[in-house]
Amino acid sequence: MVKGKIAPYFRNTGLTLDGIQAKHIQSFYLHELKTVSPGTVIHYHAIIHSALKYAVKTDMLVQNVADKV
């Protein structure tokens, strides 16, 4: 379950949406690669990228930092 992986990880970091950087996303991917397949991490990336793209579209963010990962 994706919601059970991505949201808790970032919630536990204490980051806000505008504070997230490419290094934080990369750290999540490396953390997850210890327990899931690379294909699953690619799926996570698609979800994160899509969510941040929506945040840019709705002016919540200036840029999609997932583009840098």
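**Figure 1. Contacts of Val69 in the predicted model.** Apart from neighbours within four places in sequence, Val69 touches Ala22, Ile25, Gln26, Tyr29 and His45. The structure shown is a predicted model. Val69 belongs to the segment after H3. Its relative accessible area is 32%, which places Val69 among the partly exposed residues. One of the contacting residues, Ala22, is 47 residues from Val69 along the chain, and the two C-alpha atoms are 5.8 Å apart.

**Figure 2. The salt bridge between Glu32 and Lys5.** A search of the whole structure returns 1 salt bridge. The partners are Glu32 and Lys5, with 3.3 Å between the closest N and O atoms. Glu32 is part of helix H2 (residues 22–32), whereas Lys5 sits in the segment before helix H1 (6–13), so the pair ties together parts that lie 27 residues apart in sequence. The two partners may also be described by their accessibility. Glu32 has a relative accessible area of 3% and is buried, while Lys5, with 30%, is partly exposed.

Figure 3. Asp59 has a phi near 60°, a positive value in a residue that is not glycine. In general, most residues other than glycine have a negative phi. Asp59 lies in the segment after helix H3 (38–57). With a relative accessibility of 69%, Asp59 is exposed, the limit for this class being over 50%.

**Figure 4. Asn12 of helix H1 and its separation from Thr58.** Asn12 is located in helix H1. This residue is exposed, with a relative accessible area of 69%. Between Asn12 and Thr58 the C-alpha to C-alpha distance is 25 Å, and 46 residues separate the two in sequence.

**Figure 5. Ser50 of helix H3 and its separation from Asn64.** Ser50 forms part of helix H3. Ser50 is partly exposed, its relative accessibility being 46%. From Ser50 to Asn64 the sequence separation is 14 residues, and the C-alpha atoms are 9.1 Å apart in space.

**Figure 6. The protein chain as context for the close-up views.** The protein chain contains 3 helices and 0 strands, arranged along the sequence in the pattern α-α-α. Its radius of gyration is 12 Å, close to the 11 Å given by the globule rule for 69 residues, so the chain is as compact as a globular protein of that length. Taken along the principal axes, the C-alpha atoms fill a box of roughly 35 × 25 × 20 Å. Of the 69 residues in the chain, 26% are buried; Glu32 is one of the buried residues. Among contacts between residues at least 6 apart in sequence, 44% join residues at least 24 apart.

**Figure 7. Surface and charge of the protein chain.** The accessible surface of the chain amounts to about 4700 Å². Carbon and sulfur atoms account for 59% of this surface. The chain carries 8 positive and 4 negative charges, and the mean positions of these two sets are 7 Å apart. A salt bridge joins Lys5 and Glu32.

Methods. Residues are numbered from 1 along each chain as its sequence is written. This is a predicted model: local features need pLDDT of at least 70, side-chain atom pairs count only at pLDDT 80 or more; totals for chains, interfaces and linings use all residues. Side-chain values use heavy atoms; hydrogens and water are left out. Helices (H or I, at least four residues) and strands (E, at least two) are DSSP runs, numbered from the N terminus. The radius of gyration is taken over C-alpha atoms; the globule rule is 2.2 Å times the number of residues to the power 0.38. Buried means under 20% relative accessible area, exposed over 50%, partly exposed in between (1.4 Å probe, protein chains only). Contact means heavy atoms within 4.5 Å. Accessible areas come from the Shrake-Rupley method with a 1.4 Å probe; for residues, only the protein chains shown count as cover. Lys and Arg count as positive and Asp and Glu as negative; His and the chain ends are not counted. The place of a charge is taken as NZ of Lys, CZ of Arg, CG of Asp or CD of Glu. A salt bridge is a side-chain nitrogen of Lys or Arg within 4 Å of a carboxyl oxygen of Asp or Glu.
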